[in-house]
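Me: I would like to go through this structure by question and answer, starting from a single residue and moving on to the sheet.

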Amino acid sequence: MKLKSIIVEDEETSRKILRNYLTKYCPNVSILGEASNVEEALVLIRNTELDLVFLDVEMPYGNAFDLLDKVGDIDFETVFVTAYDHYAIDALNAHASYYLMKPISIDELIKAVDYVTEIKTKEEALQDQVLTPKTNNVNGKITIPQQDGFEVIETANIMYCKADDNYTEIYLNNNKKKLVSKTLKYFEDALSESGFARVHKSYLVNVNEVTKYVKGKGGSVVLSNGKQIMVSASKKSNLLSYFK
């Protein structure tokens, strides 16, 4: 698939190098425009349908994070390109798809583009094709502790789990809810082989109950009971990996 992209970089030489690398080594990237500062980038982003933005961190009159804050609802992937490694954590918190250090390694650039291509391909497939979860075998049971013993629950009856500090709320397909004194990580480990995907720091969903995926930076899923759950950008690739 073609990735509709722009380059946001204040240094003309750096823009030229990245443009040339992309043209030569990443033929599936279509460069629709370039910007040298936050304001130019904002105009481009608001007026262009994009899949990917190559984004320098430090620019005149603002930086990459200022730009993303101004954009607001982000529905494209972001590859940060910078000479400063101390921005890595901030980039991660901004849900960057990839982090490239200057001078740019061609191998790393190709990896970044391949990674985004995989994400967008699966995202488009979820939107446009009839797909089924790779794992639709959710037969099995788990036990949840109670004061007087434990209760046995069919895993197929679980719609989703929600974190509540050190507790977990388990939502069943009969509209009942169970509060359990276990962390969401506990249930993620227990249900990982039964078609349950961690889509957010607070949510674990039964993939077989997903009826719709709504595109976005992370996007969201709609379950069979109508519940819509946000997908964090860092968990999107994990969700998409459950579909074929």
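Reply: Residues are numbered from 1 along each chain as its sequence is written. The model is predicted: local features need pLDDT of at least 70, side-chain atom pairs count only at pLDDT 80 or more, and totals for chains, interfaces and linings use all residues, while side-chain values use heavy atoms, leaving out hydrogens and water.

Me: In which helix does R15 lie?
Reply: Helices are DSSP runs of H or I of at least four residues, strands runs of E of at least two, numbered from the N terminus. Residues 12–25 form the helix that holds R15, namely α1.

Me: Is R15 buried or exposed?
Reply: Buried means under 20% relative accessible area, exposed over 50%, and partly exposed in between (1.4 Å probe, protein chains only). R15 has 14% relative accessibility, so R15 counts as buried.

Me: Which backbone oxygen does the side chain of R15 reach?
Reply: Contact means heavy atoms within 4.5 Å. Leaving aside neighbours within four places in sequence, R15 is in contact with residues including I7, D10 and E34. At 2.8 Å, its side chain reaches the backbone oxygen of E9.

Me: Which strands stand at the edges of the sheet?
Reply: Two strands pair if DSSP finds at least two bridges between them. The open sheet has 5 strands, paired in parallel, in the order β2-β1-β3-β6-β7. Two of them have a single partner strand each, so one side of each is left without a neighbour in the sheet: β2 (29–35) and β7 (98–101).

Me: What is the bridge partner of V53 in β6?
Reply: Strand β3 (residues 52–56) pairs with β6 (residues 77–82) in the parallel sense over 5 bridges. The partner of V53 in β6 is T78.

Methods:
Polar contact = N/O pair within 3.5 Å; in protein donor to acceptor, adjacent residues only side chain to side chain.
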